[in-house]
Amino acid sequence: VAREPLKVMISGAPASGKGTQCELIVQKFGLVHVSTGDLLRAEVSSGTEIGNKTKEFMNAGQLVPDEIVTAMVTSRLSRQDAKEKGWLLDGYPRTSSQAESLERLNIRPYIYIVLEVPDEILIDRCVGRRLDPVTGKIYHIKNFPPETEEIKARLITRPDDTEEKVKFRLKTYKQNAEAISSTYMDIMKKLDGNRQKDIVFEEVSSLLVQTEESKVEMAKLE
Ligand code: AP5
């Protein structure tokens with residue numbers, strides 16, 4: 001039976017662990033990780049036209065205008081590697097109009113994973129987060145400290161990770177969450193993201209395996 005690659009969407013509040021789980025998903029399932037936050041941060045650090053247009057929104061913790069992000073996502077998903085290996089969309093859609101854009105283009109995941117974490121924990125996770133600009137790996141000063149002094153010395157803090165900006169980002173997330181989940185209600189899986197990352201990943205992984213298996217079954221019936 002021909003296997004169509006997996007298409008996965010992962011959602012959740014700021015610092016719910018999307019990026020962390022995506023690192024693990026990519027390692028095991030080989031999907032192409034499309035993170036709008038990472039793509040935008042790369043544009044900002046290379047000083048491109050998109051980067052210059054979006055920098056202020058991002059640094060303030062505000063959403064970047066829909067049309068910029070939508071163009072970026074659709075062009076990335078249409079590349080050959082995403083078609084062949086499957087994709088893992090992280091941080092998009094974030095508004096109902098972004099979800100509608102995907103529906104219009106007939107771009108639909110097989111599964112929509114939502115990571116749930118209490119507010120007070122999210123704030124602590126953001127404030128303690130550090131990124132390695134060389135490997136792109138995500139650390140936390142308490143939860144996941146860097147492995148070596150060399151890595152520690154080069155870690156950076158995101159400008160939108162202050163307590164005040166995190167609260168604003170969280171408010172924006174909550175305002176939009178319901179409208180987006182209503183689009184994916186039939187394929188939505190809510191997970192408790194307030195557990196150790198490996199435990200969360202075990203559940204994510206078994207959901208993805210199940211999704212793959214049910215796709216094969218469907219293909220046999222067709
Ligand atoms: P984006 O980068 O997507 O930010 P976000 O949604 O706020 O999510 P985060 O990256 O903050 O968190 P995460 O869930 O990936 O958590 P992580 O794994 O790092 O977007 C940034 C900005 O870009 C937006 O504000 C906006 O301006 C713009 N943008 C992006 N997409 C857009 C769109 N579609 N439309 C418009 N604008 C858009 O984990 C967080 C911390 O917790 C880390 O330190 C980690 O080590 C730790 N941690 C993770 N898991 C665990 C665990 N299980 N236990 C303990 N600690 C953990």
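## Backbone: positive phi and a cis peptide bond

Asn106 is placed in the loop between H6 and E4; helices (H or I, at least four residues) and strands (E, at least two) are DSSP runs, numbered from the N terminus. The model is predicted, with local features requiring pLDDT of at least 70, side-chain atom pairs counting only at pLDDT 80 or more, and totals for chains, interfaces and linings using all residues. Residues are numbered from 1 along each chain as its sequence is written, and side-chain values use heavy atoms, with hydrogens and water left out.

Phi of Asn106 is positive, near 60 degrees, in a residue other than glycine. With 67% relative accessibility, Asn106 counts as exposed; the classes are buried (under 20% relative accessible area), exposed (over 50%) and partly exposed in between, for a 1.4 Å probe and protein chains only. Ala15, likewise not a glycine, has a positive phi of about 70 degrees. Ala15 belongs to the loop between strand E1 (7-12) and H1, and its relative accessibility of 11% makes it buried. Most residues other than glycine have a negative phi, and most peptide bonds are trans. A cis peptide bond, with omega about -5 degrees, joins Tyr92 and Pro93. Pro93 is located in the loop between E3 and H6.

## Nonpolar cores

The largest nonpolar core comprises 24 residues, and Leu77, Leu89, Leu102, Tyr112 and Tyr184 have the most contacts inside it. Such a core is a set of buried Ala, Val, Leu, Ile, Met, Phe, Trp, Tyr and Cys residues joined through side-chain atoms within 4.5 Å. Two or more residues of this core come from each of strand E2 (32-35), helix H4 (66-77), strand E3 (87-90), helix H6 (96-104) and strand E4 (111-116). H4 contributes the most, with 5 residues.

Setting aside neighbours within four places in sequence, Leu102 is in contact with Met9, Leu89, Tyr92, Pro93, Ile107 and Tyr184, where contact means heavy atoms within 4.5 Å. Another core, of 18 residues, lies apart from the largest one and has Leu6, Cys22, Leu31 and Leu208 among its members.

Of the 34 residues around the ligand, Thr20, Thr36, Gln62, Arg94 and Arg129 come nearest; a residue is near a molecule if one of its heavy atoms lies within 4 Å of it. An oxygen atom of the ligand is 2.6 Å from an N or O atom in the Thr20 side chain, and an oxygen atom of the ligand is 2.9 Å from a polar backbone atom of Lys18. For Thr36, an N or O atom of the side chain is 2.7 Å from a nitrogen atom of the ligand. The protein covers 95% of the 1000 Å² of accessible area that the ligand has on its own, as given by the Shrake-Rupley method with a 1.4 Å probe.

Helix H1 (18-29), helix H2 (36-46) and strand E6 (138-140) each give two or more residues to the shell around the ligand. H2 supplies the largest share, 4 residues.

## Surroundings of Arg158

Arg158 is situated in the loop between helix H8 (149-154) and helix H9 (163-183). Its relative accessible area is 14%, so Arg158 is buried. The side chains of Arg158 and Asp160 make a polar contact at 3.0 Å; a polar contact is a pair of N or O atoms within 3.5 Å, and within protein one must be able to donate a hydrogen and the other to accept it, while residues adjacent in sequence count only if both atoms are side-chain atoms. Beyond its neighbours within four places in sequence, Arg158 is in contact with Arg41, Arg129, Leu131 and Arg169.
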